[in-house]
Amino acid sequence: MQPDSLSRFAGERLKDDHDGIRPEDDGTATLEPESITIRPVREGDVPAVELLAELEGRPIPPGPLLLAEVEGTIEAATSLECGETVANPFSESEAAVSLLHVRAAQLRAA
């Protein structure tokens, strides 16, 4: 990925991260709850998963993948086969990754 594309992606992601912040009556900012969707990868998701892997400098995890979407944006993908995960390094995706791992473990146990 070219450096200018990476900077543009990171800048857009930062802008998106602050869209849900609303000031309280006392002036402090709070973040509105996000919707997180865990689902299997679809054919149209491949470019987003490739981008996540490229941003982390790692290969796409093997086998069938589960995705974590935060507010409609793919933030992480994990392998049902081995548990390897790629996630957006420019966002706070820990909660989405945690849910993704829980669901993947459930599916592996089934």
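Reader: At 31% relative accessibility, what does Glu56 count as?

Author: Buried means under 20% relative accessible area, exposed over 50%, and partly exposed in between (1.4 Å probe, protein chains only). At 31%, Glu56 therefore counts as partly exposed.

Reader: What kind of model is this?

Author: Residues are numbered from 1 along each chain as its sequence is written, and side-chain values use heavy atoms, leaving out hydrogens and water. Local features need pLDDT of at least 70, side-chain atom pairs count only at pLDDT 80 or more, and totals for chains, interfaces and linings use all residues, for this is a predicted model.

Reader: With which residue does Glu56 meet in a salt bridge?

Author: A salt bridge requires a side-chain nitrogen of Lys or Arg within 4 Å of a carboxyl oxygen of Asp or Glu. At 3.4 Å from N to O, Glu56 pairs with Arg58.

Reader: Which residues do salt bridges with shared partners join into one network?

Author: The structure holds 3 salt bridges. Those that share partners form one network, made of Arg39, Asp45 and Glu69.

Reader: How far apart are the closest N and O atoms of Asp45 and Arg39?

Author: Both Asp45 and Arg39 are buried, and the relative accessible area of Arg39 is 8%. In their salt bridge, the closest N and O atoms are separated by 2.7 Å.

Reader: How many residues apart are Arg39 and Glu69?

Author: The side chains of Arg39 and Glu69 form a salt bridge at 2.9 Å, N to O. Helices (H or I, at least four residues) and strands (E, at least two) are DSSP runs, numbered from the N terminus. Arg39 lies in strand S3 (residues 36–40) and Glu69 in strand S4 (residues 65–70), so that the pair links distant parts of the chain, 30 residues apart.

Reader: Is Glu69 buried or exposed?

Author: Glu69 has a relative accessible area of 15%, and therefore is buried.  The cut-off for that class is under 20%, which places Glu69 among residues that are buried.
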